[in-house]
Amino acid sequence: MKLTDDIEVVKGVGPAVAQGLRALGIKTVFDLVDYLPRRYEDYSEVSQVSQLKPGPVTIKAVLKQATGRYVRRGMHITEAVFSDDSGSVRVVWFNQPYRAGALKPGQEYYISGIYELSHQRFQVINPSAELVKDFPLNTARIVPVYRQSKAISTNQIRKLIGACVPSLRQLSETLPGWMLTDEKLLSRAEATEAMHYPQSREQLAAARRRLGFEEVFELSLASLLNKQEVVSEHSLAISFDERLAREFVGKLPFQLTDDQRRVVWQIYQDMTAKHPMNRLVEGDVGAGKTVVAAMAALMVMRQGYQVAVMAPTELLARQHAETLYKLLKPLGLQDEVLLLVGGLSAAQKKKTQVAIAKGQAKLLVGTHALFQETVDMHRLGLIVVDEQHRFGVEQRKSLMAKAGHMPHVLSLTATPIPRSLALTLYGELDISVLKTKPGGRLPILTKIISQVKRNRLYDDIRGEMDAGRQVYVVCPLVTESTLVEGKSAESVYAELSKGILAGYKVGLLHGKMKSAEKDTIMNHFAAGNIQMLVATTVIEVGVDVPNATVMVIESAERFGLAQLHQLRGRVGRGKHQSHCYLVLSDSKPATRRLRAIESSQDGFKLAELDLELRGPGAIYGAMQHGELDLRIAKLTDVELIARAKQAAQTFVDKGEKLVQYKELCQRVTRLRAVTNLN
Ligand code: ADP
Ligand code: MG
């Protein structure tokens, strides 16, 4: 049996089972041995019957008797008594009528299950049972638990993998020998076998370490290679014009924070180099990233090159264009700002192109999609990417083909990426963090509100609107649904605008509306013509209305931590005190997530907690690149990450050729395509 063989060659796999396995993504023998347990149940310690304590237990005992009967319609019970030297214990199975017939009195079994008090007596309920003389698979060991499906159970998977152990041992090594020695790592085959058949906790830990190490090593290597590639390219060196920078800063309506100064300085230094900048600026919502981007743009424009600012939505593109217009006006550069949004007529497109070609417009703001056709890339010096767009080596190269050079890239993100994750995923990026927000802001007072207090809350909100402030109400759904729990924007809008808030100007905004319609509503809200905006998460990113001071989040338990934090960031942007209310949709107690939001406004701290609560997959999900699955490595394992990163560096320094490691090469190539974010 070879690893590349179809799954049907495995003993016990017929067409039906094969189909079930394929649905789990298992097509070959390799896929099966690579199907790692999700978790483990430790039944390795065998207890004496007389010593049993409530909880998961394993005993080694002889079956005295077993009988089965129906206690009522649809309810079958198998009762058995097992004994060892120290005593006897009752074991019961519910609705497993085959049990009594399958068990053989007088034989010795391993029984692994939960020992608990039920119907006034202690018994072991629904355990696994295996003959001691057989090779125990489901009992008396650290039992792996696999992701199962309706068609395929975790026990079945255990059994099938058991049949593949000889093949598993053929797994070829992916890492260089010196790395295994230096890092004292198990071989790939040993580690994989130990994941399925851990002999001890220590061995399991060693197996995890090996496989986790490999994952982080691969990611880091992909990052390093990407970085090398970018660094080897030439770009425009943008010289630093101190007078211009001073003039711009002098005319700002506020003082830059120290963080903003520091980051702008880093960017200027990056751009004076001949190699392209690849910098990510991380700053919580409201940290003031736009002005930093404006200052980067300024230098590039002054030297006659174009700057493209890419926003995720048209709404944000408009806001950026407006903000940049205002920021550049004192220098007389406002007319160089050009907004590129959808629905341009042929004539408008032409006009745009002329303006660009003549050098009248140098700062082009739009959505990602609009750049390809409209922009004359020949003079493109800088790309600013706002909020998580994939912008990798490939895209840069295609631009380079036109321009003859690689543009500098500055990415902005409000997603606070925990340090451990940033180090791994964004190894190829230089990262700047805007830690402190501009001063003078009052913290947003956040409160969890139960359903019964909801109406009173809206009474209070009326007061806020009477004082001239504006309010957001965010709901998880657009339309009421019988399938999904949670408030809908449409019903809340109807309820409030016709009910307790009749007479106030209430607006509705959601993702199913046409883009022009959304823009109109948003503009009315920004202009103060709408007092309360009932919306879905379309307002999540970037929207800036400083007069809005209240954020009500309906069915708050339905949102993720990062999302709640982003939503809250829509308020607290002006000089007035802001509030955020997290309204629970039922009487359930507030989750840890909501309590965390209530007590902290530190985006980084919340991101770390999110990672802890939901695992790394969650953050990847939020970043829309699910292909990056770290199955084993924990991003909280700082030491492992540091060592694996170092190993990747050593690999490159030694001049190792990736092509010599076939499997590693394949995976790193795939990762390089995916990790090219921003
Ligand atoms: P974000 O980082 O979320 O994109 P913005 O760039 O939209 O933040 O800035 C948020 C608000 O803070 C804007 O109204 C901006 O004018 C203001 N701002 C930025 N920097 C400062 C500063 N140094 N002092 C005071 N206000 C500032
Ligand atoms: Mg922004």
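Predicted model: local features only at pLDDT ≥ 70, side-chain atom pairs only at ≥ 80, totals over all residues.
**View 1. Meet the neighbours of ligand 1.** In this view, 16 residues surround ligand 1. The closest of these are Gln255, Gly286, Lys289, Thr290 and Arg441, so try finding those five in the structure above. Sorted by class, the shell around ligand 1 holds 5 nonpolar, 6 polar and 5 charged residues.

View 2. Let's zoom in on individual atoms. An oxygen atom of ligand 1 has a polar side-chain atom of Lys289 at 2.8 Å. On the side chain of Gln260, an N or O atom is 2.9 Å from a nitrogen atom of ligand 1. Ala287 takes part through its backbone: one of its backbone N or O atoms is 3.4 Å from an oxygen atom of ligand 1. How much of the accessible area of ligand 1 does the protein cover? On its own, ligand 1 has 570 Å² of accessible area, and the protein covers 78% of that.

**View 3. The pocket that holds ligand 1.** Now take a step back to see the surroundings. Ligand 1 sits in the largest pocket. The volume of the largest pocket is about 1200 Å³. Its lining has 39 residues, and Thr290, Thr323, Asp544, Pro546 and Arg573 are the closest to the centre of the pocket. By class, the lining of the largest pocket is made up of 17 nonpolar, 11 polar and 11 charged residues.

**View 4. Helices in the pocket lining.** Which helix gives the largest share of the lining of the largest pocket? That is H12, with 9 residues. Helix H12 spans 314-328, and it is joined in the lining by helix H11 (289-302) and helix H19 (515-526). Each of these three helices supplies at least two residues of the lining.

Conventions. Residues numbered from 1 in each chain as written. Chains lettered and ligands numbered in written order. Heavy atoms only, no water. Near = heavy atom within 4 Å. Polar contact = N/O pair within 3.5 Å; in protein donor to acceptor, adjacent residues only side chain to side chain. Areas by Shrake-Rupley, 256 points an atom, 1.4 Å probe, with all protein chains shown as cover. 1 Å grid on protein atoms, 1.4 Å probe; cavity = no way out; pocket = protein on both sides within 12 Å on 5 of 7 lines; lining within 4 Å. Sits in = over half its atoms within 2 Å of the grid points. Nonpolar A, V, L, I, M, F, W, Y, C, P; charged D, E, K, R; others polar. Points joined across faces, edges and corners; volume = space filled by probe spheres on them. Helix = DSSP H or I, 4+ residues; strand = E, 2+ residues; numbered from the N terminus.
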